[in-house]
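Student: I have a model to go through. Can you take me over its interface, pockets and cavities?

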Amino acid sequence: MSAVGLSPAVAEFALRMGDNCLILGHRNSEWCGHAPALEEDIALANTALDLIGQTQLWLGLACEAEGKGRRPDEIAFLRDVSGYRNLLLVEQPNGDFGRTLMRQYLFDAWHLPLLKALMGSADKRIAEIAEKASKEVAYHLERSADLVVRLGDGTAESHTRMQAAVDFLWPYTGEMFLADALDEELVAAGLAPEPGSLKAAWQEHVTRTFAEATLKAPEKSFAQKGGRRGVHSEHLGYILAEMQFLQRAYPGASW
Amino acid sequence: MYAQMVKTEAKRVRSLDEMEPQERAFQERIDAGQKIEPKEWMPEDYRKTLIRQISQHAHSEIVGQLPEGNWITRAPTLERKAILLAKVQDEAGHGLYLYCAAETLGISRDQMYEQLHSGKAKYSSIFNYPTLSWADIGAIGWLVDGAAIMNQVPLQRCSYGPYARAMVRICKEESFHQRQGFDIMTVLSKGTPEQKAMAQDALDRWWWPSLMMFGPSDDASVHSAQSMAWKIKQNSNDELRQKFVDQTVPQAKYLGLTVPDPALKWNEAKGGHDFGEPDWTEFFAVISGEGPCNHERLEARRKAWNDGAWFRDGLTAHASKQAARRQAARIAAE
C-alpha cells in the first residue's frame with residue numbers, strides 16, 4: 001500500500017476525524033444567538049466555523065483516498081447514522097453552557113495532541129491537514145481550559161454545574177483511547193498514532209486543569225463506546241434529520 | 001441600518017441665532033463637517049438621540065442573529081454552513097463594536113440590554129419576520145443587508161466620530177454578506193423548479209418588510225429634521241427607499257424573479273421607479289411588538305441572558321478571587 005494515493009484505511013481514518021469535527025461543529029452552532037454573553041456567541045461561532053472548515057478538509061481527504069468520485073457534501077449529507085464515525089462524546093446534547101464547554105474541553109485536550117502526532121504522519125495529506133488544524137485547535141484548547149478553570153473556581157453554582165458536566169460526560173471520554181483493527185493498521189503503516197498513546201498527555205492536561213478548577217474526575221473508568229464503528233447514541237439520528245433535511249428533500253439539487 | 005424611527009426630543013429645529021453660544025459653536029462645527037468625539041461638550045438631546053440610535057442598531061445586530069441562526073444547523077452544504085456561521089459571527093461582532101460606540105456616550109452595555117429585554121428599546125422590524133425556507137437566508141443577505149448598506153454607507157460620514165468609524169468597518173463586511181446572499185438567490189433561481197419557487201416565495205415575503213426598514217415617510221417629521229441638522233442622519237427615509245428600489249429591481253430581473261408589487265413601474269421622467277406603498281399598519285404593529293416573531297425573538301434574548309447569569313457570575317467571582325490572591329501574594333512577599 002502506498003502512503004499517498006488510494007487507501008481504504010486513510011479514507012476511514014479521515015471519516016473519523018471529519019465526523020468528529022462536523023458533529024461537534026454542529027452542536028456548537030446550535031448556540032448561535034443564545035450564548036450567555038456576546039463574546040461567547042462570537043467565540044463559539046468561531047470554534048464551530050473552524051471545526052466545519054476542518055470537516056471540509058478531512059472529508060475531502062476521505063473522498064480522495066476512497067477514489068470513488070464522491071464529494072464531501074455527499075458523504076456529510078447522505079450517510080445515515082450507521083455510516084457516521086464520530087465519537088459518542090461530540091454528539092452529546094449541549095445541555096447548559098457549562099456542559100457544552102466541558103465537552104469542548106475534554107475533546108480539545110485530546111484533539112490537540114492527536115493533531116500534533118498526525119503532523120508526523122507518513123501520509124503527507126494527513127500531515128498537512130493536521131498542521132493547519134492544530135493551530136486552530138491550540139486556540140480552542142486555550143479557551144476551553146481557561147473557562148473550565150474560571151467556572152470551576154467561580155461561584156458555588158458555577159462549580160456545581162461544571163462538576164455535573166464532568167460527571168455526565170466522563171463515560172464518553174474512554175472511547176478516545178480505544179484501538180481497533182483499523183488503528184492497528186494505521187499504526188503499522190506510520191499513518192496515525194496508537195490511540196492509547198495519547199492518554200498520558202490528555203490525562204496530564206485534565207488533571208492539571210481540574211486541580212486549578214477545583215473539580216474532580218470521577219473514579220469510575222467505564223467507557224461508552226461504539227461511535228467509531230457506527231453504533232451511536234440516540235442523539236445522532238436527530239442531528240442528521242435536521243442537518244440533512246434539504247439534501248434529502250430535494251435530491252440532486254445544487255445549493 | 002437597523003435604526004428606524006429614532007425619536008429626538010426636538011419640538012422643532014432651531015436656527016443658529018436662537019441657540020446659546022455653546023450650542024451654537026457645536027452646531028457650527030457640525031455644519032463645517034467636523035467630527036464630535038466622546039469627551040467633547042454636546043447637547044443633551046444629541047447624546048440621547050445617538051444613544052437611542054446606536055443601541056437600536058446594536059440590538060438589531062444581536063436579535064438579527066436569530067432568524068439566520070435558525071438555518072445554520074440545516075444549511076444544505078458544508079460551504080454554505082461555514083459561510084452562514086461566519087456571517088452570524090460577524091453580526092455578533094458588529095453588535096460588539098456598536099455597544100462600545102454607545103458606551104462612549106455614558107451608558108453601559110448592561111443598561112442597554114435591560115432596555116432591550118424590557119421592550120423599552122427597539123430593534124429593526126425586519127427581524128420579527130420568520131425564516132421559513134433556505135431561500136430566506138439568501139433573501140436576507142440580498143435584500144435586508146442591501147437595505148442596511150443603503151442606510152449605513154451615509155452613516156460613515158455621521159457627525160459622531162465613534163459611530164462613523166464603527167460604520168466603516170461594518171459596511172465592508174455587510175457588502176460581503178450581501179454578495180453571498182445574492183449568490184444563494186442566483187443558485188436557487190437557476191436551480192430546479194422547486195428551488196426557483198422557493199426563491200420567488202422568499203422574495204414575495206421579504207420585499208415589503210425590506211422596504212419598511214427605511215422607516216415611514218418622514219420628510220415632514222421633526223425627529224428626522226433634527227437628526228439631519230445634527231448630521232446623525234444624512235438622507236430622508238424616502239430618498240433611501242427610492243435608491244434601494246432602483247438598485248434592487250434590476251437584480252430581481254437578472255434572477256428572473258418578480259417583485260410582488262403591481263404598482264412597480266419605471267418612470268422615465270424621474271429616472272427612477274414608481275412603486276406601491278408598504279402596509280404601514282403592519283409596520284406600526286411590528287414595531288410596537290405585534291409582528292410574527294416579536295415574542296419569540298425577545299423571549300430567546302431574555303432566556304439567553306437569564307440562563308447565562310450563572311456563567312457571568314462565575315467569571316466575575318473567579319476574577320475577584322484571582323485579584324484577592326494576587327493581593328495576598330503581594331503582601332506575603334513584602
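Student: What area is buried between chain A and chain B, and what percentage do carbon and sulfur atoms give?

Tutor: Keep in mind that this is a predicted model. Carbon and sulfur atoms give 69% of the area buried between the two chains. The total area buried between chain A and chain B is about 4100 Å².

Student: How many residues does the contact take from chain A and from chain B?

Tutor: Contact here means heavy atoms within 4.5 Å. By that rule, chain B puts in 48 residues. Chain A puts in 50 residues.

Student: Which residue of chain A forms a salt bridge with Arg325(B)?

Tutor: The count between chain A and chain B is 3 salt bridges. In the one formed by Arg325(B), the closest N and O atoms are 2.7 Å apart. A salt bridge needs a Lys or Arg nitrogen within 4 Å of an Asp or Glu carboxyl oxygen. The partner of Arg325(B) is Asp153(A).

Student: How many residue pairs are in polar contact across the interface?

Tutor: Both residues of a pair must be at pLDDT 80 or more. With that condition, the number of pairs between chain A and chain B is 13.

Student: Which element gives the largest share of the side of chain A that touches chain B?

Tutor: Several helices of chain A each supply at least two residues to that side, among them α1 (8–29), α5 (97–118) and α6 (124–152). The side divides into 26 nonpolar, 13 polar and 11 charged residues. The largest share is 13 residues, and it comes from α2(A).

Student: Now the pockets. Which helix gives the largest share of the lining of the largest pocket?

Tutor: The largest pocket has a volume of about 460 Å³. Its lining has 17 residues, with Arg52(B), Gln56(B), Lys120(B), Ala121(B) and Lys122(B) nearest the centre. Two helices of chain B, α2 (44–63) and α11 (280–290), each supply at least two lining residues. The largest share, 6 residues, comes from α2(B).

Student: How many charged residues are in the lining of the second largest pocket?

Tutor: The second largest pocket has a volume of about 380 Å³. It is lined by 28 residues, and those nearest its centre include Met5(B), Lys233(B) and Asn237(B). By class, 12 lining residues are nonpolar and 13 are polar. The charged residues number 3.

Student: On to the cavities. Which helix gives the most to the lining of the largest cavity?

Tutor: The count comes to 3 cavities of 30 Å³ or more. The largest cavity holds about 150 Å³ of space. Of its 16 lining residues, Phe13(A), Trp110(A), Leu114(A), Asp183(A) and Arg228(A) are the closest to its centre. With 4 residues, the helix that gives the most is α1(A).

Student: Which helices each supply at least two residues of the lining of the second largest cavity?

Tutor: The second largest cavity has a volume of about 100 Å³. Its lining includes Glu68(B), Arg80(B), Trp134(B) and His177(B). The lining divides into 5 nonpolar, 4 polar and 3 charged residues. The helices, from chain B, are α4 (78–103), α6 and α7 (161–189).

How values were computed
Residues are numbered from 1 along each chain as its sequence is written. Chains are lettered from A and ligands numbered from 1 in the order in which they are written. This is a predicted model: local features need pLDDT of at least 70, side-chain atom pairs count only at pLDDT 80 or more; totals for chains, interfaces and linings use all residues. Side-chain values use heavy atoms; hydrogens and water are left out. Buried area is the accessible area (1.4 Å probe) that two parts lose on being put together, summed over both. A salt bridge is a side-chain nitrogen of Lys or Arg within 4 Å of a carboxyl oxygen of Asp or Glu. A polar contact is a pair of N or O atoms within 3.5 Å; within protein, one must be able to donate a hydrogen and the other to accept it, and residues adjacent in sequence count only if both atoms are side-chain atoms. Ala, Val, Leu, Ile, Met, Phe, Trp, Tyr, Cys and Pro count as nonpolar, Asp, Glu, Lys and Arg as charged, and the others, Gly among them, as polar. On a 1 Å grid over the protein atoms alone, a cavity is a set of points where a 1.4 Å probe fits but cannot get out, and a pocket is an open set with protein on both sides within 12 Å along at least five of seven lines; lining residues have an atom within 4 Å of a point. Grid points are joined across faces, edges and corners, and a volume is the space filled by probe spheres set on the points.
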